[in-house]
Amino acid sequence: MSPDHYFSAEPSAPETRERIEFSVGGRGYTLTASRGVFSAGRLDPGTAVLLRKGDLPTPATTGTFLDVGCGYGPISCVLASEAPAATVFAIDVNSRARALTVENAAALGLADRVEVYEPDEVPAGVEFDQIWSNPPTHIGKAGLQELMDRWLARLAPAGVAWLVINRNLGGDSLHAYLTGNNWVVERTASQRGFRVLKVTRGG
Ligand SMILES: C[S@@+](CC[C@H](N)C(=O)[O-])C[C@H]1O[C@@H](n2cnc3c(N)ncnc32)[C@H](O)[C@@H]1O
């Protein structure tokens, strides 16, 4: 595995400045990415499907959201822009990704509502009203299940999680795993091989 890959906690590839432009919900975004972070050349197609098919929050939505595996921050920046009364916690193991998310949120005037953390530094006791993720699949099936177990446990009782995952990279097996662990999982969209899963607590 190349040490320059985005899997690295501390990418060794020289930092670059890549301009990523996209629009979601009628709003245009220009963000900065870099080599050494996931999908530095364009908005990832899976993330695009998630942001198009998930129920984005609105100006009336309050609460605390979590973006698991934020990369350079596209999901966090969209959520915080759509929901100016909400706070978004953005987590990633990749330090360059975290730095870019801080930078992108600041450039959009969202610095006070996008809190960026190394996963182990997320304050204990915070519950999330919404969890959004285009999760890492390279960590393998067991790793992905562990990651989901860890963060879905922090979902508020009436909270909702929106996930996107490629069918060929474990989308259907993650769906089955979550259902088997008493989560209510609805496949709300399937587009270009990407499954969008809406996850809530049963009962
Ligand atoms: C598929 S990428 C999505 C990135 C970004 N959300 C996007 O849409 O472009 C998954 C991200 O998860 C991060 N990641 C990997 N393992 C992680 C872990 N255990 N906890 C949090 N993030 C992790 C990776 O560094 C990567 O940035």
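Which residue in β2 does arginine 19 stand opposite? Arginine 19 stands opposite threonine 32.

## Basis

This is a predicted model, in which local features need pLDDT of at least 70, side-chain atom pairs count only at pLDDT 80 or more, and totals for chains, interfaces and linings use all residues. Numbering starts from 1 along each chain as its sequence is written.

Strands here are DSSP runs of E with at least two residues, and helices are runs of H or I with at least four, numbered from the N terminus. β2 (residues 27–33) pairs with β1 in the antiparallel sense over 7 bridges; pairing requires at least two DSSP bridges between the strands. The two strands form a hairpin with 2 residues between them, and glycine 25 in the turn has a positive phi of about 60°.

## Helix α1

Helix α1 spans residues 45–53, and its buried residues are Gly46, Thr47, Val49, Leu50 and Leu51. Buried means that 20 or more other C-beta atoms, placed from the backbone, lie within 10 Å of the residue's own. Their cover includes β1 (18–24), α2 (74–82), β7 (155–166), β8 (183–191) and β9 (194–201).

Definitions and conventions
A residue is buried if 20 or more other C-beta atoms lie within 10 Å of its own, exposed if 12 or fewer, and partly exposed in between; C-beta atoms are placed from the backbone. Two residues are in contact if their C-beta atoms, placed from the backbone, lie within 7 Å.
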